[in-house]
Amino acid sequence: MKRRDALFWAGASFLICLVLGAILVPMFGPDYTKDVGKPFSPISTGTLLGTDQLGRDIFVRIMYGARVSLTIGLSVQMISLVVGILFGSIGVFGPKYIRVPLMRFTDAMFAFPDILLAVLIIAIRGPGMDAVIIALSITSWPGITRLVYTQISSLKDREFVIASRAMGASTAYVVRKHVLPQLIGVVLAVSMVDLAGTILAESTLSFLGIGVQPPMPSWGGMLDQARKNINAQPMQLLWPCLILSITIFALNFVGDGLRARLDPRSK
């Protein structure tokens, strides 16, 4: 338990620093499109992590990329939570002619590989930040819907739900007041892990050149640019890869810690 707590607080501390950097560095740092030195300059006092192939500050671009990744990740998770909670609730309490087709459609969505479906959607919509949010939201909501459906199904026959409905409470009231508060812990914990997957998916799409487009920095785009110079400048690949990996680990550690704290069945 002590080891889990240590990982939770280490992950939370890193994420706090990352969020502060994503907010403050773009506000007070140099423009991410401007060169601040010679191309491929080494680490110095003027540039914390050196410069890229165009002489731009790598650290500043990583912090801008953090802002992009967090914005996309949080937007996708908010959309997925709203859709997932709504569809999951309807799947349990809705009329049969609605809930059965809805849940079959949800199950059918799992047949499509997420990243390939996202690529198809972006190919139709066109690359860009908005297209990435739309594509990843479409691929993310089925998992939340299935989770909420399963959790609500286990709660709908509990005494407090039956008593509330026996007293004449509407379905919407029962879900809002008695069911959803029971799901906050597990949904929040799973959302943190899903956020890690969303950030990784966004980086993958940007690495493929169909996600966030230059000159807007993204971790995947930086990895793609560094890959082209990997033989001459291998350190260019290290920094975005390192920050992406640590962020994924941190989100998983925090998600696991939240599950242990907020979901009684995990104790």
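1. Aromatic pairs. A search of the whole structure finds four aromatic pairs. Here rings of Phe, Tyr and Trp (its six-membered ring) pair if their centres lie within 6.5 Å; planes under 30 degrees apart count as stacked, over 60 as edge-to-face and the rest as tilted. One of the pairs is F105 with W141: the ring centres are 5.8 Å apart and the planes lie at 25°, so this pair is stacked. F105 belongs to helix α3 (residues 96-109) and W141 to helix α5 (residues 129-155), so the pair ties together parts that are 36 residues apart in sequence. Helices (H or I, at least four residues) are DSSP runs, numbered from the N terminus.

2. The basis of this note. The model is predicted: local features need pLDDT of at least 70, side-chain atom pairs count only at pLDDT 80 or more, and totals for chains, interfaces and linings use all residues. Residues are numbered from 1 along each chain as its sequence is written, and side-chain values use heavy atoms, with hydrogens and water left out.

3. Cover on the first pair. Is W141 buried or exposed? W141 is buried, at 8% relative accessibility. F105 is partly exposed, at 45%. The cut-offs: buried means under 20% relative accessible area, exposed over 50%, and partly exposed in between (1.4 Å probe, protein chains only). Ring pairs also bring in F87, which forms a cluster with F105 and W141.

4. A second stacked pair. F249 and F253 have ring centres 6.2 Å apart and planes at 25°, so they too are stacked. Both residues sit in helix α9 (residues 235-262). They are four residues apart, which puts about one helical turn between them. F249 is exposed, with a relative accessible area of 52%. F253 is partly exposed, at 29%.

5. Salt bridges. How many salt bridges does the structure hold? The structure holds five. A salt bridge is a side-chain nitrogen of Lys or Arg within 4 Å of a carboxyl oxygen of Asp or Glu. Side chains of opposite charge can pair when their charged atoms come close.

6. A buried bridge. R61 pairs with D52, and the closest N and O atoms are 3.7 Å apart. R61 is buried, at 8% relative accessibility. D52 is buried as well, at 7%.

7. D107 and R104 meet in a salt bridge, at 2.9 Å from N to O. Both lie in helix α3, three residues apart, or about one turn of the helix. D107 is partly exposed, at 30% relative accessibility. R104 is partly exposed, at 47%.

8. Which residue forms a salt bridge with D224? The partner is R227, with the closest N and O atoms 2.8 Å apart. D224 and R227 are three residues apart in helix α8, about one helical turn. D224 is buried, at 12% relative accessibility. R227 is partly exposed, at 42%.

9. A cis peptide bond. Look at the bond from P214 to P215. This peptide bond is cis, with omega near 5°. P215 is found in the loop between α7 (171-207) and α8 (219-227). Most peptide bonds are trans.

10. A buried serine. S191 is found in helix α7. S191 is buried, at 7% relative accessibility. What does S191 touch, leaving aside its neighbours within four places in sequence? S191 is in contact with Q77 and L81. Contact means heavy atoms within 4.5 Å.

11. A nonpolar surface patch. I16, V19, L20, I23, L24, M27 and F28 make a nonpolar surface patch of about 690 Å². Patches are made of residues with over 30% relative accessible area and no salt bridge; like charges are joined within 9 Å, and nonpolar side chains (Val, Leu, Ile, Met, Phe, Trp, Tyr) within 5 Å. Accessible areas come from the Shrake-Rupley method with a 1.4 Å probe; for residues, only the protein chains shown count as cover. I23 lies in helix α1 (residues 2-28). I23 is partly exposed, at 41% relative accessibility.

12. Cysteines. How many disulfides are there? The count is zero, where a disulfide is a pair of cysteine sulfur atoms within 2.5 Å. C17 is exposed, with a relative accessible area of 54%. C241 is partly exposed, at 37%.

Key:
Helices (H or I, at least four residues) and strands (E, at least two) are DSSP runs, numbered from the N terminus.
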